[in-house]
Amino acid sequence: MAGPREILSRNPGAAVGTALLAAILFLAVFADLLYPGDPWRMATRPNLPPFSPGYLLGTDMLGRDLAAGIAHGARVTLLIAVAVTGLAVAFGVAVGAVAGYFGGRVDDVAMRFTEFFQTIPSFLLTVVIVAIVAPSLTSIILAIALVSWPQIARLVRAEVLSLASKDFVSAARVGGLSTPRIIWSHVLPNVLSPVIVAASLMTATVILIESGISFLGLGNRAFVSWGYLLGTGRTAFRVNWWLSTIPGVAIFLTVLSLNLVGDGLNDWLNPRSSGRSKRG
Amino acid sequence: MTALVEIENLSVALPDDADRHLAVERVSLRIDRGEVLCLVGESGSGKSVLAAAIAGLLPPKQLRITGGNIRFDGVDVTRLSEAGFRRLRGKRIGFIFQEPMSALNPVLAVGRQIEEALAAHDNGDRTERAARVLELVRATRLPDPENIVHRYPHQLSGGQRQRVMIAMAIANEPDLLIADEPTTALDVTTQAEILRLILDIRQRLGLAVLFITHDFGVVADIADRVSVMKEGRMVETGTATAVLEQPRDPYTRRLIEAVPELHAGVAMKSVAGDPLLAVEGLVKTYHERRAPWRQAGPQTRALDGIGLAIGRGETVALVGESGSGKTTLGQCIVGLADWDAGKLRFDGRELAGTARERALRPRIQMVFQDPFASLNPRHRVRRILTEAAIVNGLPREAAEERMLGLLSRVGLDAAAADRFPHAFSGGQRQRIGLARALMLQPELLVADEPVSALDVSIQAQILDLLAEIRRDLGLSMLFITHDLRVASAVADRIVVMQEGRIVEDGTSGQVLSRPRSAYARALLAAVPGLGWDHRRRAADRTAAE
């Protein structure tokens, strides 16, 4: 397996993505140090354009610092994205692995259940759930996770289905290994790279869904998220173009960096692709 | 005879990141009108690339001709445009591929596909072409011509699909038929029929055949002349008798020696006492899965009352064609499949099916067919070998020690332990697979086609290794194979299966020289290169005297 350093030098996109993501994470982690206090606080004169002294990204109609909003919003947005992805991947992998490995009736039941969620338009379902339940952080995370897991489950099922009939799985069975152990240590590691790629793409989609919810004004007002900033800035677009453009750019860069990182991870985690240069 | 194809100093370059520069290196070759030229070589020898170059089928981005020329009937085809090639291919050069299932279009009826080959080169109107299609279907001896033309590829058997391919290839009465391993994916009896058909058509149409194969038995049966390739170079060309009986090149000699002779080896002492494994009346039926409210689908009896015994230290070869149930039987024995009725007794104790007798499991181990699929690509060799042993209660240090002993026993060095499977060749992987099976110190080894995915010289090495190991460890072995030559090289006893039943069971000497069942006789007669075998044995005898 090639080292991460080698992968980054061979795949400049992944290096750019990693750097971007690191910067965004830095912003999220140190938001309180960089912009202490409540980001909703009215700090100065309203409608300052970007690059005003002391207010790098300008201010909104109420004189709130947009840079502080972006920094604190990064925290909320990433928290939601990571939590949803974690939940969806865990549940999706479990359902997919069981369906694919055992096949037959188990597979039928698991897949009909999965399809039930896939037939409902996912964004609408989240919006409905968030609108009915109180829009707390937890309910938003659960609502988005609920519509996100089926694609992981289907992906994992398809991969496991073909892996379960491979001879190395038979060899593990002949060797007397228990079924959970075979699934965990022989089958699932071989599904890892597509799942990681799918997860990084999903993180990006989650950010978009969450932004959509907040944009529609259905999110939790107690937290600043990028989608909320984008949504509130929209009304003043003719006067303050930066209020919706800058959160939009932040979403774009994060989604882009996640895609690039997912690509690089795939390259790194797949032992066959790292041996590509040696064997034709 | 005049030359139809003349190749001079042809070189074909491989992409930059390949393990060598040239796929084909300064090869010269002549194919005369009406002759069968066999091109022999192991995987990666460049034989398929050479054939593709003649028909202009090289993938343009990866492989390009860097030197030399190919003249087809006097015209240099290396300078031909794609349009020029299109007039040549199909019309004057027919091509048959190894895997007829992927070479045929799955959504078109086979008659349409044959007709298309005709239409591409302007052969009369629809009715004329339809008549010609029927004629071709009859010429390739497909059953029920009027109906079979409306069938789709998946409705035909492998042999029938290959006949359709041949019908397409000869539709326009070409001068040259290129056949790239056309029988490798087929059963022996089907292979024998297809070979006979190709020779027949050659005679009738007077076409030249370039037959690519790795099987010297096939060569002995059909070749007029033979060319042997190794790593892109031509090492030897000559008449079939000259190359097969007095090979000049050391590489050819090694290849030919590696082909197992079809006669019983020195029979091991007969086995006394209780058998290690006894199979009684084993039945397994596959049902087509249907929704519960529909009628039960058709059933396939994979095992239909199997009775078999394997003695201690005995090697039994289980021979049969695809679909005979031999793999299913192996899976029942190692515990990968359940059965519906019958008994399996191992060392006096009855086995209950899958996943139920963990304690007995390590004593029966398995070697798999595909060395690329049988090792987990994400685990290092160390883990592949030691994991099961540790799970079965061996301390880590003892497992490591046993692993090192086995690595050297199968001919790999200790450094192999820290590498991933993709760093090894097919033969080396099969050695690792064998070491894994031996890690648990089994008493019975079930080997399912362990050498059929390997080149002939590697195959001979693995067979030698297996023989050595079972001699040293006193293992019993069930060796599943479709190849009677291989069976005769390893087995004390040969058991022949057909459609889920055992039709023949005897010592290898008896089965090979006096088969009792009609099926075993047919199987034996279909082994390619029988005549050559007799001559080889006679030569060996004279050499011995």
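Chain B holds 20 helices and 20 strands. Those are DSSP runs, numbered from the N terminus: H or I of at least four residues for helices, E of at least two for strands. The radius of gyration of chain B is 25 Å, close to the 24 Å of the globule rule for 545 residues, so chain B is as compact as a globular protein of that length. That radius is taken over C-alpha atoms, and the rule is 2.2 Å times the number of residues to the power 0.38. Along the principal axes, the C-alpha atoms of chain B fill a box of roughly 70 × 60 × 55 Å.

A word on the source. This is a predicted model, where local features need pLDDT of at least 70, side-chain atom pairs count only at pLDDT 80 or more, and totals for chains, interfaces and linings use all residues. Residues are numbered from 1 along each chain as its sequence is written, while chains are lettered from A and ligands numbered from 1 in the order in which they are written.

Now the sheet. In chain B, 6 strands form an open, mixed sheet, in the order β16-β17-β18-β13-β19-β20. Strands pair if DSSP finds at least two bridges between them. β16 (364-367) and β20 (501-507) of chain B stand at the edges with a single partner strand each, so one side of each has no neighbour in the sheet. From one strand to the next, the twist averages 20°. Angles run from 0 to 180 degrees between N-to-C directions, and axes are lines fitted to C-alpha atoms, for helices over the stretch in contact.

What packs on this sheet? α15(B) does, touching β16 and β17 (444-448) of chain B, and its direction makes about 175° with that of β16(B). Contact means C-beta atoms, placed from the backbone, within 7 Å.

Next, a helix pair. The axes of α13 (381-391) and α15 (426-439) of chain B come within 8 Å and cross at roughly 20°. α13(B) and α15(B) are therefore roughly parallel, a term for angles under 35 degrees. On the α13(B) side, the contact residues include B:I384 and B:L385; on the α15(B) side, they include B:I432 and B:R436. The contact residues divide into 8 nonpolar, no polar and 1 charged. Ala, Val, Leu, Ile, Met, Phe, Trp, Tyr, Cys and Pro count as nonpolar; Asp, Glu, Lys and Arg as charged; the others, Gly among them, as polar.

Last, the two chains. 19 residues of chain A are in contact with 26 residues of chain B. α8(A) gives the largest share of chain A's side, 6 residues.

Notes: Parallel < 35°, antiparallel > 145°, perpendicular 65-115°, else oblique. Contact = placed C-beta atoms within 7 Å.
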